[in-house]
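The following exercises are to be worked through with the sequence and the 3D structure at hand. Each task is followed by a solution in steps.

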Amino acid sequence: MRITVLGSGSSGNATLVEAGSTRILVDAGLTARAVRTRARAALGIALERVDGIVVTHAHRDHAGHAGSCAQAFDAPVYLSEATRRGVRFQREPRTRIFGVHAPFHVGEVVVEPLPVPHDAPQVAIVLCHAGARAAIATDVGTVQSDLVDHLRGCGTVLLESNYDPHMLAIGPYPPSIRRRITCGTGHLSNAQTAELLRALGPETERVVLMHLSAKNNRPELAREHAEDALSGRGVELSVADATVPTTATVRPRGQLALPLSS
């Protein structure tokens, strides 16, 4: 299974998952043109089709281009009933409604969703193929025990590390937005992400930090917290760029995993 973060952050989120003959786009906060351009730059492929677009929640930076991407890639959109009510499509795509606690197939890949706290109905997902397991969890307001359980057993974990509290406190956001970010249904701080990383099991071989705030965080701060949490465990760590793709090849536990590239 190969996972490529095409975009991460408030400017637009999209992650391409390839496993066997299946291609999945997780979130569609980028235009189809941007998805194609970045896939070609990162992977050298002309992306003409995907088997499904899995939307984690209805916020525009994750779902804003789901309809147009569905049309461009001739793909159904997979989303929960609550997310379906929150998304406004300019042109109605084919949709597949999934239960937020029920695994479902997209081609050869099994997708395991789990609800997480956010100010829109949101799911973290685990992707399973041929013994390989990887997780994508962003827009998580609070770390709960079921999320830790959900991520355990995943060789690769892509996880948000959104903000630094000091930068947020002195930054340009008004108090209402600062409260929204920190209230428990917003985003994870670097320290909260580090605590979650400490709780993960030995199966985790690599971590990709995602969804960093451009105004309230810096990659070196997020990395510092994560490195401290993962110290001595031999976990490979990377920080996804907002616009420069990052790729990881995920193999079944016990097989040699290829390094991240960006």
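**Exercise 1.** Locate P245 in the chain and determine whether P245 is buried or exposed.

*Solution.* Step one is the position: P245 belongs to the loop that links β13 (236–239) to β14 (246–249). Strands are DSSP runs of E with at least two residues, helices are runs of H or I with at least four, and both are numbered from the N terminus. The model is a predicted one, in which local features need pLDDT of at least 70, side-chain atom pairs count only at pLDDT 80 or more, and totals for chains, interfaces and linings use all residues. Residues are numbered from 1 along each chain as its sequence is written, and side-chain values use heavy atoms, with hydrogens and water left out.

Step two is the accessibility: the relative accessible area of P245 is 12%, so P245 is buried. Here buried means under 20% relative accessible area, exposed over 50%, and partly exposed in between (1.4 Å probe, protein chains only).

Step three is a distance: 14 Å separates the C-alpha atoms of P245 and L25, which lie 220 residues apart along the chain.

**Exercise 2.** Describe the surroundings of G155.

*Solution.* Begin with the loop between α5 (145–151) and β11 (156–160), where G155 is placed. Its relative accessible area is 13%, and therefore G155 is buried. Next, consider contacts (heavy atoms within 4.5 Å). When residues up to four places away in sequence are not counted, G155 touches R133, E203, T204, E205 and R206. For R133, 22 residues away along the chain, the C-alpha separation from G155 is 5.9 Å.

**Exercise 3.** Which residues have the most contacts inside the largest nonpolar core?

*Solution.* A nonpolar core is a set of buried Ala, Val, Leu, Ile, Met, Phe, Trp, Tyr and Cys residues joined through side-chain atoms within 4.5 Å. The largest has 29 residues, and L147, L151, L196, L197, V207 and L209 have the most contacts inside it. Helix α9 (residues 219–230) gives the most to this core, namely four residues. A second, separate core has 26 residues, including L30, V35, F73 and L79. Turning to L151, its contacts beyond neighbours within four places in sequence are A135, V157, L196 and L200.

**Exercise 4.** Characterise the chain as a whole.

*Solution.* First, count the elements: the protein chain has nine helices and 14 strands. Second, consider burial: 56% of its 262 residues count as buried. Third, consider its extent: the C-alpha trace spans about 45 × 45 × 35 Å along its principal axes.
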